[in-house]
Amino acid sequence: MRSTTSPGMFLGAFRRTHEFRLLIATVGLIAILSVSSRRFLTLQNGLDLLTSYAFSGMLAAGLLVVLVSGGIDISFTAIASVAQYVALVAVMHLHGGWLMLFAIGLGIGTALGMLNAVLISTLRISSIIVSIAMLNVYFGLLMFLSHGNQLFNMPDWFLNAFSWVLWTDSEQNPYVLNAQIIGLFVCFALSWLLLNRTSIGRQIYALGGNAEAAARVGYNAWRLNLVVYGYMGFIAGLASLAQAQLAQSVAPNVLVGRELNVLAAVVLGGASLTGGQGTVLGAILGVAVLACMENGLILLGVSSYWTQFFDGAVILVAVSTIAWERRRQRAAMRRVIAAPAGAAVARQG
Amino acid sequence: MSAFLELRGISKRFGGVRALDNVDVTVEVGEIHCLAGENGSGKSTLIKIISGVQPPEPGGHLAVLGEALHGLTPAESIRRGIQVIYQDLSLFTNLTVAENIAAGLHRGLHLVSWRAIRRTADAAIRRIGVDLDPDAFVADLPIAQRQLVAICRALAADARLVIMDEPTASLTRREVDSLLALAHELRQRGIAVMFVSHRLDEVLEIADRVTVLRNGEKVGTYEAADMTGRRLGELMTGKSFDYTARDAREVAGETVLAVRNLSRAGDYSDISFTVGAGETLGVIGRLGSGRTELALSLFGMNPPDAGEVAIRGRTLTRHDTAEAIGHGIAYVSEDRLTLGLVMQQPISSNITLAVLEDLAGRNGLVPDRRRQQAVTHWIEELGIKVSDPENAVGTLSGGNQQRVVLAKWLATEPSLLILDSPTVGVDIGAKDGIYAIVRALAAKGLAVILISDEVPEVFYHTDRILIMREGRLTGEFLPSRSSEAEVRQAVDA
């Protein structure tokens, strides 16, 4: 378990990380699935996987930052629902364009995320309680105001945007680079930049590692929370637009309920619920393992109930490995602490 | 020399409680100054005022390098070169050494320069000439090295005065020595060091001056050269403690514990000894000598590979804690906070934790009246100072917490009590109370093993001393027939 990808990290150290084990597991899983199903390791299936898991993956990139800060957010699916609904209703009624779509979608996402932060910081209530409450508040308001009505007939410029045929094979199958895949890469790149390349990101790691110490060094927890939850909301807004385009419709109630799968993927990737631990690579691998497994089981013709079962089992195994590894490290630490004192006595004696 | 920090007429009141009353302290440039006082004497309040965390009452005067400062904030205090290293060190264990040292570089929003972080860390590490790997994660470092990281961080922030709160509490003697050497080094460079502690005899050797606080008032500032540990203890408590080694006395009681050829690979080997009823046996050794591992084995938490443990002639077979408790062994751990107490739970629940089964009636429920009786009995018996037994244990002082742990185990009516470093983090007055309790228990026939790394503790408060080194028993002393120096020599040999 390592929290950073500092430049000093070399392969030797990387080999002892949770991410490395997860990478081995992912490669192993891909190898097994490739042998079992001829359709798994194809470019088409790869693009399909990226497209269909883009929504979860983007949210995982945002949630990672929240977990690193020592907080948690599960209201992001409700934020995403509100953002996409309001943005598209506005665009459809006011005949707006891209600018309006992004301004409203991302603006609402960021604002609702920041509202979470303000509640957590000022009421000093744990983030899990605040975000459960706000999930219900956002979602309830949306259902009330929208009467649960779905949106169809969205503008063509939105439905058909960001889609480039990379090439077409001999059987006339197009290979497409789409908005979802681009969005996925953008979100992971943003989270990586934020966490590893900005002073705010390093303060977020510090805050998650030891909030008291962070305050003593002079880091402003209030402001950091605003960034963290605002960023989560921003990502939720972006992901919601990508998802609306993929689904070609907006239903206010299809996103809520997927938050725990995203949380599971990030935790599987090694992020700690107590804060300060977690990497972008880990989050990517966490999403990848779950995506490959679910997809592989479908290709093998296994019932979708088993998919849920295996999801749970994989998470259990992964989290136990992390816990076991931490215990082992602590035991090793105790020996390290004891040894020099003993050695000193030996030298003096 | 000139004054770096000057405090005059500093008072602080919390509600009706006067935490500091008209205190004057001056810290010279490049001076090693000790601030001594028991828990509750006002040391922490004084640190908070110096670091700008709390404002003093109006009328107090605070100046740095002759410039009077009003409305000092934490940021201003840091800017003036004042750095506090708290007892918990306030490090980010999930980050590397380099990032911890350079934590002050992350201000506002800007891109991170890993090279600048590394440069800052390397410079600080070089300045004090210690061996620290900047790429290591703080979580992987032992306490003594973590302390060096905290000191480096203070230096990286251009400290002119480093205040260390209880810096020696969790260090071995050797680590304390290197810390003292480091303080000396800082003084050479014109950086003042203030040690704040209630265990100062070891720091006295290198200090220039000592200021003693008692009940929020300044007792005085003294030249360290004229000060002794005993005199300091008297000034801090206002009482005098005059211990003498115990007379040799026949411990007539039957053998309670017999250990024969006990070994555990990597921890200790070939340990044999006995403890009789009413006897207090001291086991002294450094950290890593195997003393704690041995104690844990007796208590069933660290099963031995070979050898035999017998209580009143009955040999233990399973080596688990249930068996140990069943045979009347009680263990008060060195780390009472993690092993001994449930901090958020009431004092009363903690006292009765180990005897719930004995208190329970036939239906398996514990009658409230019997529970209350047990709680009241032990609070009186051990003189625990509580306003309400239903308060959380965490609200008590260190000494009183230690008594609650004792009460918890004494309630099981043990025949052997193992005390592992019972006075770590406890101030002198409270220490004396614990020694008195141990004496009284032994007089009632309880067999006690007192494990410690402080020579005076075992020398003045036990009947017999075993020396432990590198996992073996290497010597035995009777305090009445030897000297403190002899024992110290045997431990350090």
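1. Phe102(A) is partly exposed, at 29% relative accessibility. Buried here means under 20% relative accessible area, exposed over 50%, and partly exposed in between (1.4 Å probe, protein chains only). The model is predicted: local features need pLDDT of at least 70, side-chain atom pairs count only at pLDDT 80 or more, and totals for chains, interfaces and linings use all residues. Side-chain values use heavy atoms, leaving out hydrogens and water; residues are numbered from 1 along each chain as its sequence is written, and chains are lettered from A in the order in which they are written.

2. The structure holds 15 aromatic pairs over all chains. Rings of Phe, Tyr and Trp (its six-membered ring) pair if their centres lie within 6.5 Å; planes under 30 degrees apart count as stacked, over 60 as edge-to-face and the rest as tilted. Trp98(A) and Phe102(A) are stacked, 5.9 Å centre to centre with 25° between the planes. Both lie in helix H6 (residues 98–123) of chain A, four residues apart. Helices are DSSP runs (H or I, at least four residues), numbered from the N terminus.

3. Trp98(A) is also partly exposed, at 31%. Its ring and that of Phe158(A) sit 6.2 Å apart by centres, with planes at 55°, so this pair is tilted. Phe158(A) belongs to helix H8 (residues 156–159) of chain A, 60 residues from Trp98(A). Phe158(A) is buried, at 3%.

4. Where does Arg216(A) lie? Over the face of Tyr86(B), 3.7 Å from the ring centre. The cut-offs: NZ of Lys or CZ of Arg within 6 Å of the ring centre and within 35 degrees of the ring normal.

5. There are zero disulfides over all chains, taking a disulfide as a pair of cysteine sulfur atoms within 2.5 Å.

Methods:
Helix = DSSP H or I, 4+ residues; strand = E, 2+ residues; numbered from the N terminus.
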